[in-house]
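Hi everyone, thanks for coming.

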Amino acid sequence: MGSKLHEHQENFLKFLKSSIKAKFRGNCMAEVSLDGLEKVKRSLQNFKNEVATVPYTVTNHNQQCHRNALNALNEAQQTIEKLVQQTKELRDKISQLELSIQQNENQNTQLEQQIERSQEQIKASERRAASIQAEIQRVSGLSGEGDSDSQSQRAQYVQQLEQELEQCRTQISQLQQSIGEAEQEKSRIHQQQEQQRSQKARTEQELAAQNNRLQRYQNKLERLQQQMSVLCTALEKYQQSIQVFQAQANQKGQITMQAVDNCIKCVELYMQWH
């Protein structure tokens, strides 16, 4: 590049000198267009500006590559952190569902035991009621016997038996109502358990999907980290090569830029004389 510019510079200077001499001699030789010279001057100046920005362009390119890779790493890391939090929430939800299911199971067992006790109490009350009913019938069969005192005592005794019989019947009714309410509660708990089991199954499926996604992103992060290491090494070597190249080219570049500056000055000189 430097040798060609020197050659153009020498030729251009010879042309300028001959043109200037011809102008002063009144020679009618063809003159260079001022517009053309202005374009030449602009082209030389643009070349000078572009060459000056080459080191900065290389450095900016390296920095941009590093930033892009780092952004990809950060994005993957943030996604992994989000997935880890989501999987933790899903596990907590499954644990809560399992605890609730177990609590309902325990409550259901207690209700079954309560129903069994109530049924035993009903049987006992029914036996007692049957015994009282038989006693009432037996005593009532003696209503015409004995004196008035005996009959009065039998009447009081029958009345007492009838009160006990009514208490047995009331107790049986209450126990039957308690059993009905317990059966309804068992049914409600069963429905709730079915809903919880279904919700747990869906949550476990969602957790499995999130775990698979988490594994994919962890693998992706590992690949990106490996690629980042390779990229950093490559960029460092590239930067070192550029620095060596720049160090070797500085001297030639200075000569080239001097040649460009001389060409620009020659153009300006000719334009002034013109």
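This is a predicted model: local features need pLDDT of at least 70, side-chain atom pairs count only at pLDDT 80 or more; totals for chains, interfaces and linings use all residues.

Residues are numbered from 1 along each chain as its sequence is written, and side-chain values use heavy atoms, with hydrogens and water left out.

So what is the secondary structure? There are three helices and zero strands, running α-α-α from the N terminus; helices here are DSSP runs of H or I with at least four residues, strands runs of E with at least two, numbered from the N terminus. Of the 274 residues, 24% are buried, meaning under 20% relative accessible area, with exposed over 50% and partly exposed in between (1.4 Å probe, protein chains only). Now contacts, that is, heavy atoms within 4.5 Å: among those between residues at least 6 apart in sequence, 91% join residues at least 24 apart.

On to the core. A nonpolar core is a set of buried Ala, Val, Leu, Ile, Met, Phe, Trp, Tyr and Cys residues joined through side-chain atoms within 4.5 Å. The largest one has nine residues, A69, L73, A76, I80, L83, L214, L221, L224 and M228. Two or more of them come from each of α2 (34-140) and α3 (148-273), and α2 gives the most, with five. Leaving out residues up to four places away in sequence, A69 touches M228 and L231.

Elsewhere in helix α2 we find S125. Is S125 buried or exposed? It counts as buried, because its relative accessibility is 6%. Beyond residues up to four places away in sequence, S125 touches C168, Q171 and I172.

Last, salt bridges: a side-chain nitrogen of Lys or Arg within 4 Å of a carboxyl oxygen of Asp or Glu. The count is nine. One of them joins K186 to E112, with the closest N and O atoms 3.6 Å apart. That pair links distant parts of the chain, K186 in helix α3 and E112 in helix α2, 74 residues apart. E112 is partly exposed, at 34% relative accessibility.

Within helix α3, R188 and E185 are three residues apart, so about one helical turn separates them, and their side chains meet at 2.6 Å, N to O. K200 and E204 also form a salt bridge, at 3.9 Å, and E98 is linked with these two in a network.
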